[in-house]
Amino acid sequence: MESFDIATLRAAAPYIYAHQGSTFVISLPAEVIASDALSDLIQDLALMQTLGIKLIIVYGTGVFNRHTLGVIKQTKMRQLQHTIGEQQTRLEALFSTGLVNTPMAGMKLTTVSGNFVVAKPIGILAGVDQQYRGEVRRIETTAIRQQLEINNIVLLSSLGYSPSGECFYIDEFQLAANVAASMPSEKLIFLSQEKALLDSRKQRLKFLNLNDTDKLLKRRKSLSKSMRTYLELAIQACVSQVQRTHILSCSQTGVLLQELFSHAGAGTLISDHHYDEIRPAKINDVGGIQSLIKPLEDEGILLARSTEQIERELDHYVVIERDGFVIACAALIPYQQEHCAELGSIAVHKEFQHEGHGTLLMEFLENKARKLAMQSVFVLTTRALHWFYENGYKKCPLDTIPVHRQQMHDMQRNSSVLVKSL
Ligand SMILES: CC(C)(COP(=O)(O)OP(=O)(O)OC[C@H]1O[C@@H](n2cnc3c(N)ncnc32)[C@H](O)[C@@H]1OP(=O)(O)O)[C@@H](O)C(=O)NCCC(=O)NCCS
């Protein structure tokens, strides 16, 4: 029997559900259109569309270097129109054949384009008339929405039209950001040929909030011009209520699907949602907490807790949530009479470890314990001894913790008792 990856499908199911009916604006630069990656990418876009995602694709021309783009005269404009015609034909052809030789070969995908972007001339910059260089005046969002409602994929070139009947060239990335901001869009996605953004440990930067993005732009001088543009536009989009901006490197096949339908992702997500914010657990989180700690209980790393026990102690739990999933949790169980509290069930999903979540939870709960006038925090651990040492905890005999807790202690687990004075 052929192998079937049940775990992957199970992990993807909540994302499929969450993305259904969402609108994604995807920026497709000319370099990607010209690359070998395009036909696989179109298949992935087609799959997304069949999963109920509404797609607006803003494609680029690549005729001019966007960073040195100067005045656009009539001859340049004609050249642009010609290129856009070619790009559009290529995309339409691929969307028509995109699902051939796949189990979805019978699916019909319709793309549509039109005068959805109303443009105005940029005018005179530093005394020079920019002629056919334009900027967005308005996006015809109602017309676009009508097309999305009937399951058409909207293709937008970097041309906009003025009410006086003229045609202007608009920067494709700026256009994508404007489109995403002008209508309720869940995501703005920049597909690029840039390498993934890395942190100082050479690990992919999976998530940036607006503050981090701003710092990165100011501090990392080595960022390429394109990456700077993406990051700047991501900030602009977030400020304009676009929930999330993703920067994905197309050098990796399946990057879109991996980013959108897996915990691990594949690119960098920029959002002003405070993902790393810790919040008290709610009853709906019980399932998430359980699936996070169950594998660790099975391995003997964490003490087993039943659903009822978690529900009973829910007020003591805090979680960190990302995309509707509990990615980390911890509990602080106070022992009022003994003026101490136990730090328990501290767990971070393995895809999100080494990002500071564990330390954040620990510090948060230690502060909570201070506010509750506790004098110390203790923890029973089998595997994270050194992590706690590094965070100021010291090994202590079992009889230092409250008697009630000593009685519940499972000798077989042989866990170490660690205490930190507050
Ligand atoms: C322990 C745990 C909560 C840490 O969470 P995290 O978000 O990955 O940790 P942070 O990003 O805040 O800190 C990372 C640092 O802790 C270190 N660290 C993580 N787990 C460790 C462990 N078990 N032992 C020693 N050090 C550890 C990392 O090496 C890293 O240090 P470095 O940057 O010098 O390499 C997480 O690894 C986890 O859920 N582990 C399984 C459950 C568990 O052991 N819980 C504690 C039992 S009570």
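**Reading sheets, helices and a ligand shell**

Me: Let's start with the ligand. How many nonpolar, polar and charged residues are in the shell around the ligand?

Reply: Sorted by class, that shell holds 9 nonpolar, 8 polar and 2 charged residues. Keep in mind as we go that this is a predicted model.

Me: Which residues come nearest to the ligand?

Reply: There are 19 residues around the ligand, and Q353, G358, T359, A384 and W387 come nearest.

Me: And which strands and helices each supply at least two residues of the shell?

Reply: Look for strands β18 and β19 (376–381), and for helices α12 (357–371) and α13 (385–390); each of these supplies at least two shell residues.

Me: Two of those are strands, so I'd like to read a sheet next. How do strands of a sheet pair?

Reply: Here is the general idea: strands of a sheet pair through backbone hydrogen bonds, and the pairing may be parallel or antiparallel. In this structure, β18 and β19 belong to an open sheet of 7 strands. Read across, the order is β15-β16-β17-β18-β19-β21-β20, and the pairing is mixed.

Me: Which strands stand at the edges of that sheet?

Reply: They are β15 (278–280) and β20 (394–396). Each has a single partner strand, so one side of each has no neighbour in the sheet. From one strand to the next, the twist averages 35°.

Me: In which sense do β16 and β17 pair, parallel or antiparallel?

Reply: Antiparallel: β16 (residues 317–322) pairs with β17 (residues 325–335) over 6 bridges. To see one of them, find R322, whose bridge partner in β17 is F325. Then look for helix α10 (residues 286–298), which lies across β16, β17 and β18 (340–348) and runs at about 85° to β17.

Me: What is the strand order in the sheet of 8 strands?

Reply: That open sheet runs β3-β8-β2-β1-β11-β13-β14-β12, with mixed pairing. Its edge strands, β3 (111–112) and β12 (207–208), each pair on one side only. Inside the order, β1 (residues 23–28) and β2 (residues 54–59) pair in the parallel sense over 6 bridges.

Me: Now helices, please. At what angle do α6 and α8 pack?

Reply: Helix α6 (residues 172–182) and helix α8 (residues 225–239) pack at about 15°, with their axes 10 Å apart. Angles under 35 degrees count as roughly parallel, and α6 and α8 are therefore roughly parallel to each other. Their crossing is right-handed. The contact comes from F173, Q174, A177, A180 and A181 of α6, together with T229, L233, Q236 and A237 of α8. By class, this contact has 6 nonpolar, 3 polar and no charged residues.

Me: How is α7 placed relative to α8, roughly parallel or roughly antiparallel?

Reply: Helix α7 (residues 210–219) packs with α8 at about 150°, the axes being 10 Å apart. That makes α7 roughly antiparallel to α8, since angles over 145 degrees count that way. The crossing of α7 and α8 is left-handed. On the α7 side, the contact uses L210, T213, D214, L216 and L217; on the α8 side, R228, L231, E232, A234, I235 and C238. The classes here are 7 nonpolar, 1 polar and 3 charged residues.

Technical notes. Residues numbered from 1 in each chain as written. Predicted model: local features only at pLDDT ≥ 70, side-chain atom pairs only at ≥ 80, totals over all residues. Axes fitted to C-alpha atoms, helices over the stretch in contact; angles between N-to-C directions. Helix = DSSP H or I, 4+ residues; strand = E, 2+ residues; numbered from the N terminus. Parallel < 35°, antiparallel > 145°, perpendicular 65-115°, else oblique. Left-handed = near helix turned anticlockwise from the far one by under 90°. Contact = placed C-beta atoms within 7 Å. Nonpolar A, V, L, I, M, F, W, Y, C, P; charged D, E, K, R; others polar. Pairing = 2+ DSSP bridges. Near = placed C-beta within 6 Å.
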